[in-house]
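Welcome! Open your viewer, get your selection tool ready, and follow along stop by stop.

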Amino acid sequence: KIEQGKHLEKKRLSRELHDGILGKLSGIRLNLFVLNKKKDSATIEKCLPYIKDLQEVEKEIRAMSHNLSEDVFSDQVNFNKVIHNLFQETGSFSNVHFSIHMDELIDWTRVSTINKIEIYRILQEGLNNIGKHAKANNVIVRMVQDENQIIIELIDDGRGMKTESKFKGIGLKNMKERANTIKGTLHIESQKNKGTSLQLLLPKKYIFESENS
Ligand SMILES: Nc1ncnc2c1ncn2[C@@H]1O[C@H](COP(=O)(O)OP(=O)(O)OP(=O)(O)O)[C@@H](O)[C@H]1O
Ligand SMILES: [Mg+2]
């Protein structure tokens, strides 16, 4: 039992490192790469916000090493805002156009912090992949609900991916595992030169904590 617990914890930490910290760092590196070509004051001005991003990474590493990664999230009560920040951060420097549609009526206070972290990480790796692979112009994020489930979609109009490359990298595999961890399912659809869409389905009966607990 203890060994199994350790094993799970190791896997969790590996995912946190890969999707959270590594992803953020390579995002920042990509954004700062422009300094290789241009060093005028406007460019430097544009790069300054990445100091703040580096501080965020520091905060995440600190939280992780204290095994308290939840703190990063409970700081910000409003999950809608956390998600908005994630996409604004990413969009501010790239040429990709982001649209965010979030159903304000989804009651995120009924979703545990641990589950919100998993959702956040899935979107974060989805975004990392769009930045690294998709060459997209437009990205749409949708979070809606129907009677039975929360539906989260991340859609890009990039170059799509080959079916056989599915789940070969660590990123997509982690996303699947994270979805399973929170009793959800992740569907990926992709068409060459049309784009890729991720759909995360979260049954309400699992994702919402019961009202009387
Ligand atoms: N949005 C996307 N658009 C186009 N191709 C994608 C997209 N997302 C993933 N891919 C393709 O699927 C492959 C697997 O993605 P995955 O995240 O698992 O690995 P990776 O990003 O290559 O590496 P890492 O292990 O660091 O995540 C990628 O190499 C890429 O070819
Ligand atoms: Mg990846």
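Two strands count as paired if DSSP finds at least two bridges between them. Keep in mind as you look around that this model is predicted.

**Stop 1: the metal site.** Select ligand 2, the magnesium ion. Which residues coordinate the magnesium ion? They are E125, through OE, and N129, through OD1, at 2.1 Å. Now colour helix α6, residues 113-134. E125 and N129 both sit in this helix, and because they are 4 residues apart, about one helical turn separates them.

Are these residues buried or exposed? Buried means under 20% relative accessible area. E125 has a relative accessibility of 4%, so E125 counts as buried. N129 is buried too, with a relative accessible area of 17%.

**Stop 2: the parallel pair.** Next, select strand β1 (residues 97-102) and strand β2 (residues 138-145). These strands run parallel, and 6 bridges join them. To see one bridge up close, pick M102 and its partner in β2, M143. Then trace the chain from β1 through α6 to β2: this β-α-β crossover is left-handed. You have already visited α6, the helix that holds E125 and N129.

Stop 3: Finally, look at the link between the strands: β2 and β3 form a hairpin with 3 residues between them.

Key:
Residues numbered from 1 in each chain as written. Chains lettered and ligands numbered in written order. Predicted model: local features only at pLDDT ≥ 70, side-chain atom pairs only at ≥ 80, totals over all residues. Heavy atoms only, no water. Donors = N, O, S within 2.8 Å, 3.2 Å for Na, K, Ca; no water. Helix = DSSP H or I, 4+ residues; strand = E, 2+ residues; numbered from the N terminus. Buried < 20%, exposed > 50% of the residue type's maximum accessible area, 1.4 Å probe, protein only. Right-handed = clockwise from strand over helix to strand, strands pointing away.
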